[in-house]
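This report describes selected features of one structure.

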Amino acid sequence: MRLIVIGGVAAGLSAAARARRVDAGLEIVVLEKGANVSYGACGLPYYLSGRVRRAAQLIVYTPEYFAKERNIAVRTGAQVVSISHPRREVVLDGGERVHYDRLVIATGARPIPADRALAALPQAFTLHTLEDVEHLKLFLREKRPKRAIVIGAGYIGLEAADALRRNGLAVTIVEQSPHVFGREDVALTADVRERLERFHVELRLGERADDVDGYDLAILANGIQPNVALAADASVELGRTGAIRVDEHMETNLAGVYAAGDCAEAEHLVTGRPAYIPLGTTANKMGRVAGANAAGRRERFSGIAGTAIVSVFGLGVAVTGLSEAQAQREGFSPVVARITARSRARYFGGKPITVQLVADARTRRLLGGTVLGEDGAAGAINVIATALYNRMRAEDLQDLDLAYAPPFSTVWDPVLIAAQQLSKMV
Ligand code: FAD
């Protein structure tokens, strides 16, 4: 039995590693078109800013490690150009054909192409791969740009702005929607704007950047799209989001062919419908399930809530589930509670933390939340995400038994304060 995995980063390698744990006798081959595997793309903005000093620090495991410690063959520079499922084989760009019994597609995503003329400019860069950042760092060293424009205020755009500012550039972010972080949330956008302005970053919302005249550097961060052409050409079905459609076992419409990570959809825990929210955390989990099942298990992926966090000049901005606007569109009757409290005791350096919760007035069910704060945002959003996972109601959340000691928290945790307020409203 041979398992072929296409793609050697988060989803692909999680799948391969899990398959090995499930079946010690399976032959496992990972085919990766790039030169590197197993690197943390999430660390790229920090390599750009200089907070991570060497690229090697971002590489978690090497092909040698996988060969020696896991008995997994990882081939770099191996691009799959087609899949023939009737023959159970993949074809590499040099013409080599490799047979599979089971297949995991983990081809990831790529930046949505910007306007051609814009993308062709020598000062225009994307921030998606290690190579992108190496090119960008070289450009910063050699050309010493002074003014940068970042197109897109999603988390990559926000992280890029932070990193460039730390490199001493004047930065403007231009975003065509009226919101940042892909979240339809007026209050969150206002808080992020205030933070950016405090660090002298200009934010222009509701604008399209058709040219970048007057800027020495442009970062194209206008979103990403799933790499699905290879799968679609092999009659793997795509879902309405445009990503690969999978069932709860991560299996595609073709028996024995699985997909995971940024190339695939996942079920949204709140709406119950397929969603495309590509993130490293979920890529790893989807990969694990795909790998286990490709090796003969029948495991389930529970779905996603879109939980994410970004640091904007030290301010943790975190989201999970639905915003009020999304909830309305989904047919819920949302009510919103928003409080600002302290992350821990004042005498232990507690910082303001804002928690917003959204619940459905009819069922009292929690639908989503946001947290903003310099301290404690990750912990707070994870409590809310856990509540979503367990389909909790507002009053269930206010009763949670959360930890308290002055160096860490407050006797009334900010999430509980928000939940108390919410319970009075639903
Ligand atoms: P990818 O990492 O895209 O890997 C897919 C691999 O498949 C690639 O190496 C590609 O070369 C290979 N491949 C594609 N086609 C072929 C082919 N035909 N043949 C062979 N190989 C192929 N997520 C978070 O959760 N938190 C964060 O803080 C965060 N920060 C990020 C910051 C940046 C700058 C970026 C770019 C992403 C960030 N992410 C973050 C997202 C996270 O990195 C991705 O969700 C994750 O890498 C997805 O993993 P994947 O394995 O599905 O896809």
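## Aromatic pairs

In this predicted model, Tyr61 is partly exposed, with a relative accessibility of 33%. The value lies between the limits of 20% for buried and 50% for exposed, which is why Tyr61 is placed in the intermediate class. Tyr65 is likewise partly exposed, at a relative accessible area of 24%. Phe66, by contrast, has a relative accessibility of 3% and counts as buried, because this value is under 20%.

The whole structure contains six aromatic pairs. One of them joins Tyr61 and Tyr65, whose rings are stacked, with 4.2 Å from centre to centre and 15 degrees between the planes. Tyr61 also pairs with Phe66, in this case edge-to-face, at 5.7 Å between centres and with 80 degrees between the planes. Through such ring pairs, Tyr61, Tyr65 and Phe66 are linked into a cluster.

## A charge over a ring

Elsewhere, a lysine is placed over an aromatic ring: Lys137 lies over the face of Tyr47, 4.2 Å from the ring centre.

## Nonpolar cores

The largest nonpolar core comprises 54 residues. Within this core, the residues that touch the most other members are Ile4, Ile83, Val90, Leu103, Ile105 and Ile244. For Ile105, leaving aside residues up to four places away in sequence, the contacts are Ile6, Ile83, Ala231, Val236, Ile244, Val257, Tyr258, Ala259, Ala260 and Cys263. Two of these partners, Ile83 and Ile244, are also listed with Ile105 among the core residues that touch the most other members.

## Surroundings of the ligand

There are 30 residues around the ligand, and those that come nearest are Ala11, Glu32, Val80, Asp262 and Leu279.

A polar backbone atom of Ala106 is 3.5 Å from an oxygen atom of the ligand, and a backbone N or O atom of Thr281 lies 3.4 Å from a ligand oxygen atom. In Tyr155, a side-chain N or O atom is 3.0 Å from a nitrogen atom of the ligand. The ligand taken alone exposes 1000 Å², of which the protein buries 88%.

Terms used
Residues are numbered from 1 along each chain as its sequence is written. This is a predicted model: local features need pLDDT of at least 70, side-chain atom pairs count only at pLDDT 80 or more; totals for chains, interfaces and linings use all residues. Side-chain values use heavy atoms; hydrogens and water are left out. A nonpolar core is a set of buried Ala, Val, Leu, Ile, Met, Phe, Trp, Tyr and Cys residues joined through side-chain atoms within 4.5 Å. Buried means under 20% relative accessible area, exposed over 50%, partly exposed in between (1.4 Å probe, protein chains only). Contact means heavy atoms within 4.5 Å. Rings of Phe, Tyr and Trp (its six-membered ring) pair if their centres lie within 6.5 Å; planes under 30 degrees apart count as stacked, over 60 as edge-to-face and the rest as tilted. A charge sits over a ring if NZ of Lys or CZ of Arg is within 6 Å of the ring centre and within 35 degrees of the ring normal. A residue is near a molecule or strand if one of its heavy atoms lies within 4 Å of it. A polar contact is a pair of N or O atoms within 3.5 Å; within protein, one must be able to donate a hydrogen and the other to accept it, and residues adjacent in sequence count only if both atoms are side-chain atoms. Accessible areas come from the Shrake-Rupley method with a 1.4 Å probe; for residues, only the protein chains shown count as cover.
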